[in-house]
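Here is a short briefing for a first look. Please keep the sequence and the model side by side while reading.

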Amino acid sequence: MDKLVVILGPTASGKSSLAVKLAKRFNGEIISADSRQVYKGMDIGTGKITKKEMEGIPHYLLSIVSPRRIYTASQYRKEALKNIKKVLSRGKVPFLVGGTGFYIQFVIDGIKTPEVPPDWKLRKKLSKKTAEELYGMLKKMDRERAERIDRNNPRRLIRAIEIIRKTGKTVPKIEKNPLPLNVIQIGIKKSPEETKKLIRRRLLKRFGLGMEREVKNLRKEGISWKRLEEFGLEYRYVSMYLQGKIEFGDMVEKLRKEIEHFAKRQMTWFKKDQRIHWVKDYKEAYQLVKRL
């Protein structure tokens, strides 16, 4: 049976570098599973792997859509499956790599959502509400979906409400039609202290690489402040700073704390899946893939 290797973990845990090492060793190619890295021009703030860091390993589903567009998990699943099939057809091993648990689950467990086209009038109306207000609405409409969603992500909250409004049904649960592949999920395990240290180090590096300049460039390309803030984390807080809403030091401190909370939420999501094999380093991951 064909194989699929999934490399996942919280932000700043080193997924990309581990995946490149394993892909080099096992004749693999990498498909990104990151809900922000699909967007063009969002490189530094999302921690997108550079061409040099790829070390010649092909990567897919990076920088494929304009930040103006809303890109759904259903669209992602279609593209991911297409690329997995393409990698397998060349006799290579596909590696699905990222920290967006929802995307990974969509691919390997075959979640199916209704093909609901965007309702721009509804989206415009809902976009005036805060994430807290949107979450309250969703909770009343579909309590179970509300428990599984990122309550701080307006895009996902709006999409869930849109699906319910248009279909009159709750957002579908996972179907029992997993991929017909031999799948192994490998998670990178770090202690909370180590994760915090890695987050701090990476955040300073991103400012050094020009994260503010990246946000300014996106503004020049016509991306609104509101849309930038919707992307959360780095884009939200740098946008607030550039608009004069917060001071630089305050921005860095709030952003650091928010990324730490985000990493915790990622781990809460991943811990629900008992199929994940948690590893500390390359050696442990190598042994698991070798066995597969």
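**Briefing**

Arg275 counts as partly exposed, at 42% relative accessibility; that label covers values between buried (under 20% relative accessible area) and exposed (over 50%), with a 1.4 Å probe and protein chains only. This is a predicted model, in which local features need pLDDT of at least 70 and side-chain atom pairs count only at pLDDT 80 or more, while totals for chains, interfaces and linings use all residues. Residues are numbered from 1 along each chain as its sequence is written, and side-chain values use heavy atoms, with hydrogens and water left out.

**A salt bridge across the sequence**

- Arg275 and Asp109 join their side chains in a salt bridge, at 2.9 Å from N to O. The term means a side-chain nitrogen of Lys or Arg within 4 Å of a carboxyl oxygen of Asp or Glu.
- Asp109 belongs to helix α4 (residues 101–109) and Arg275 to the loop between α13 and β6 (276–279), so the pair ties together parts 166 residues apart in sequence.
- Helices (H or I, at least four residues) and strands (E, at least two) are DSSP runs, numbered from the N terminus.

**Other salt bridges**

- The whole structure holds 20 salt bridges, according to a search.
- Lys245 and Glu229 form one of them, at 3.2 Å from N to O. This pair links distant parts of the chain: Lys245 sits in the loop between α12 and α13, and Glu229 in helix α11 (residues 225–230), 16 residues apart.
- Glu229 is buried, at 19% relative accessible area.
- Glu253 pairs with Lys257, and their closest N and O atoms are 4.0 Å apart. Both residues lie in helix α13, 4 residues apart, or about one turn of the helix.
- Glu253 is partly exposed, with a relative accessible area of 33%. Lys257 is also partly exposed, at 42%.
- A network of salt bridges links Glu253, Arg256, Lys257 and Glu260.

**Strand β4 and its partners**

- Strand β4 (residues 93–98) has 5 of its 6 residues buried, so the rest of the structure largely encloses it.
- Strand β1 (residues 3–8) runs parallel to β4, and 4 bridges join them. Two strands pair if DSSP finds at least two bridges between them.
- In this pairing, Val5 stands opposite Phe95 of β4.
- Strand β2 (residues 28–32) also runs parallel to β4, joined by 5 bridges. Here Ile31 stands opposite Leu96 of β4.

**Helix α9, face by face**

- Helix α9 (residues 192–209) has 18 residues. From first C-alpha to last, α9 reaches 26 Å, close to the 26 Å expected at 1.5 Å a residue. The expected span is 1.5 Å times one less than the number of residues.
- Which residues of α9 are buried? They are Thr195, Ile199, Leu203, Arg206 and Phe207.
- Seen down the axis of α9, these buried residues fall within an arc of 100 degrees, so they line one face of the helix. The arc is taken from the directions from the helix axis to the C-beta atoms.
- The buried residues of α9 pack against α10 (211–220), α12 (233–242) and α13 (248–271), where contact means heavy atoms within 4.5 Å.
- Glu193, Arg201, Leu204, Lys205 and Gly208 are exposed on the other side of α9.
- Gly210 follows α9 and has a positive phi, near 110 degrees.
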